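Reader: I am new to this. How do I read a structure like the one you are about to show me?

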Amino acid sequence: MKAGRPIRAYAITWAALLLLLALTFGLAHLKLGAFNPVASLVIAAVKAALVALFFMHLRRARALLVLFALVAPFALAILFALSGADYATREVHPAPWVAPRGE
Amino acid sequence: MSASSREIDAGGRGEPDRHARGDVDPRAWREETASLGMWVFLATELMFFGGLFLAYLYLRTHDPEGVAAASTHTHEWLGTINTAILLTSSFAMALAVHAAKDARRKAAQRLLVVTAAFGLAFLVVKGIEYGMEWRDGLVPGLRFTLAENTRTATLFFFLYFVATGIHAVHLAIGVATVLWIAWRLRAAALPGWRVDEIDVLGLYWHFVDAVWIFLYPLFYLVNLNA
Amino acid sequence: MSYLEEGFTLRSWLTTRDHKRIGILYALAITVFFFLGGAAAAIIRLELLTPQGDLVSADTYNKLFTIHGVVMVWFFLIPSIPSTLGNFLLPMMIGAREVAFPRLNIISWYIYVLGATFTVGAVIAGGVDTGWTFYTPLSTLFSNTHVVAAVMGVFIVGFSSILTGLNFIVTVHRMRAPGMTWFRMPLFVWANYATSLILVLATPVLAMTLLLLAAERLLHVGIFDPALGGDPLLFQHLFWFYSHPAVYIMVLPAMGVASEIITCFARKRIFGYKFMCYAILGIAGFGFLVWGHHMFVSGQSAYAGMVFSMLSFMVAVPSAIKVFNWTATLYKGSIEFTAPMLYALGFVGLFTIGGMTGLYLAAIALDVHLTDTYFVIAHFHYIMVGGSVMAYLGGIHFWWPKITGRLYSEAWGRVGAITIFAGFNLTFFPQYLLGFLGMPRRYHSYPPEFQLLNILSSAGAAVLAVGYLLPLIYLGWSLFLGKRASPNPWQARGLEWKTASPPPKENFHETPEVDAVPYAYNPEEKLA
């Protein structure tokens, strides 16, 4: 059994994860406006993908397993998208007795 | 069953069944089945956390400034250190699973203990954070003393405690299970089903790590550039 | 030796890992809850005989319809077909000896019992009055009843659902007998598989929703309170994201049962088998896209409402395909009106009516008038009771010889089926009219002009009650005095009929090999 190759892959993955952590921490300190949350979530998604592909062996798993791994994120995407459709298009009329935001 | 009603179909449709020809390795079958079962379970866990993410999405889009202001009270250095700790624990766990599959029992045992140690370190740091947040009066419903931006900050910290709390419970269960399996590994034999157990435990551990990977930017990195 | 003879002690039942015994444990448990939920309904229908709220107080009435809903949805319908018939039959239908994870299976039953205990405890302690939907702010701020205990009970029983679904998914993927390809599986298996997908994806969202509800009730942080920056519709989005797919959990297995029964007693291969499989998957998938149709008048944005309305029309299509295919299966078949067939035919007709009235409700403008009226109640009872419960009873009768090794009295079976069909329609058809005329739901008093229709409905409920008690009697009787059943008394196709009635513990003495298409029936061969 070739012990060396997977260990190398794990080590490189770990190093990449720590680098991405440093990157996301660093970027968060820069004033990038709307790009800040985008960047931090994209980096988080890349980190999660690295964990899934290498540590959780999805890279060499059968297609069925990859499909199973993707179903729940897809279902959540539906939850966020359709609820979001409500939130994005709903007008909010605060009642007179509700204090304005910030209090 | 009369001959007229039993029909042989041409076959070739659907997945050919390797079981019938006896060319399925029982070890591989059990490993893949356990893996499939764990992935289904992890899907349920992701859906469980999903509701919290929707609540967070609601709060962040409805009062982005409020969430930004509230998040300045989280401890980003501790959060970042904890993220590094958990990522490293995943590395150790991946090595442990690899050692188990390689039949290197003692190495697997040691790596599992290392994994659990990192997990415990995470929980200790989290406990320290919670202690500081209690002291600072940031626990909604129990001890919340922020005077400004109270409404959004209350909801932000509510989501923070629920999300990180449930995550911590999952991690604690993971740590306990890892230590228990490491303990069981002291016996000389390393049967195939034990290796499968370690493999699926690894999947669970990495999932708990992946959830934290998302919680970290949502609660710690919102407003560090003010 | 059959699975029933492998140990006669209580302990052998309570520590079993045999999927067949676990199916029976579930059947006993859900039957208790069916009659508990039914008792609540009986009192409700008694109250509604008169326009005044004179039998029980308004608060008690609220508790009655709440417990009726909570018990019937989570402790009867959701587990009914999957955890009883599914557990018993699914492994057999694919030629397996067991489910993938037998220990998780018995654990799931104990989790059900634990959740049930919490809920019964909440009832005994005084009940809950929020409605089974637990809407905020009543549930979080204003109700003085045992909301947290009841919600904990539902939270716990959800894990029973999740484990059952997980088990079925892995079993179907990994444990099919040689030659049992996906498109040779019975539709009952397809239906339970699709149901399991919903169980594992939707139920955890309910779990989190109930957790947030309990936390909000205890801590009052305001997550669902607009005055504190929260949103009551956040609760509703999360709740209905589960609860709409939940209705497909309740109806898909019933469709699976109907397919098995209809094809057997028309002596004809199911029409459009592959379309039926795709329709089952389509119903499960589309069912996740329509939850907002429960929120048309809640304050949800009108634009989101339109999207949900359109999607709700689309979700009817795969169901309609199934109804057409059942009908086409009957055409030129050799139909036998056995008790299971009467139940299955009743299912098809009543499900169709219920489904079509769902389309009325999916049209936003109509829904504005009909929502929160008895029209909605009639709609979902036509599907849940006229549909799912009838299919469940049909399945119990159809597989009774296989499960118990006894034959029930076919004459009494038919009497029961017809009584239930008649009682059901008398109970719920007037409710369509009441709803259309404007009678609101969840009210214990009503304007006097609605009394005649209410009396008809309550009379129907009495007939229905008799209809439900009958099987209890003659099925119970058959357990001790019924004729012994042969392996295949209905001359049905399917692997479960190739083994003894009742089956041995390992289901088959030799692993079956499958080389035939499913439902290889021949209308020329009449039922003997």
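Author: Start with the word contact. Two residues are in contact if their C-beta atoms, placed from the backbone, lie within 7 Å. Now use it. Among contacts in chain C between residues at least 6 apart in sequence, 85% join residues at least 24 apart. Keep in mind that this is a predicted model.

Reader: What is chain C built from, helices or strands?

Author: Chain C has 15 helices and zero strands.

Reader: How does the radius of gyration of chain C agree with that of a compact globule?

Author: A compact globule of 528 residues would have a radius near 24 Å, and chain C has 22 Å, so the two agree. The C-alpha trace covers about 65 × 45 × 45 Å along its principal axes. Of the 528 residues in chain C, 59% are buried.

Reader: Why does Leu42(B) count as buried?

Author: Count its neighbours. A residue is buried if 20 or more other C-beta atoms lie within 10 Å of its own. Leu42(B) counts as buried because it has 23 C-beta neighbours inside 10 Å. Leu42(B) sits in helix H1 of chain B, residues 26-62.

Reader: Which residues does Leu42(B) touch, leaving out those up to four places away in sequence?

Author: They are Leu203(B) and Phe207(B). Look at Tyr204(B) as well. Tyr204(B) is 162 residues from Leu42(B) along the chain, yet their C-alpha atoms are separated by 7.1 Å.

Reader: How do I read a helix?

Author: An α-helix has 3.6 residues a turn, so residues three or four places apart point the same way. Then check the span. Helix H3 of chain B, residues 76-101, has 26 residues. From first C-alpha to last, H3(B) reaches 37 Å, close to the 38 Å expected at 1.5 Å a residue. Just after H3(B), Ala103(B) takes a positive phi of about 65°.

Reader: How many residues of chain C are in contact with chain B?

Author: There are 43, and they meet 36 residues of chain B. On the chain C side, the elements that give two or more residues are helices H6 (147-174), H7 (187-219) and H8 (232-265). H7(C) gives the largest share, ten residues. By class, this side of chain C has 28 nonpolar, nine polar and six charged residues.

Reader: What about chain A and chain C?

Author: That contact takes twelve residues from chain A and 13 from chain C. The chain A side divides into eight nonpolar, two polar and two charged residues.

Reader: How is chain A divided into domains?

Author: Domain 1 covers 1-56 and domain 2 covers 62-90. Their centres, taken over C-alpha atoms, are separated by 22 Å.

How values were computed
Residues are numbered from 1 along each chain as its sequence is written. Chains are lettered from A and ligands numbered from 1 in the order in which they are written. This is a predicted model: local features need pLDDT of at least 70, side-chain atom pairs count only at pLDDT 80 or more; totals for chains, interfaces and linings use all residues. Domain bounds come from an automatic or database domain assignment. Ala, Val, Leu, Ile, Met, Phe, Trp, Tyr, Cys and Pro count as nonpolar, Asp, Glu, Lys and Arg as charged, and the others, Gly among them, as polar. Helices (H or I, at least four residues) and strands (E, at least two) are DSSP runs, numbered from the N terminus. A residue is buried if 20 or more other C-beta atoms lie within 10 Å of its own, exposed if 12 or fewer, and partly exposed in between; C-beta atoms are placed from the backbone. The expected span of a helix is 1.5 Å times one less than its number of residues. The radius of gyration is taken over C-alpha atoms; the globule rule is 2.2 Å times the number of residues to the power 0.38.
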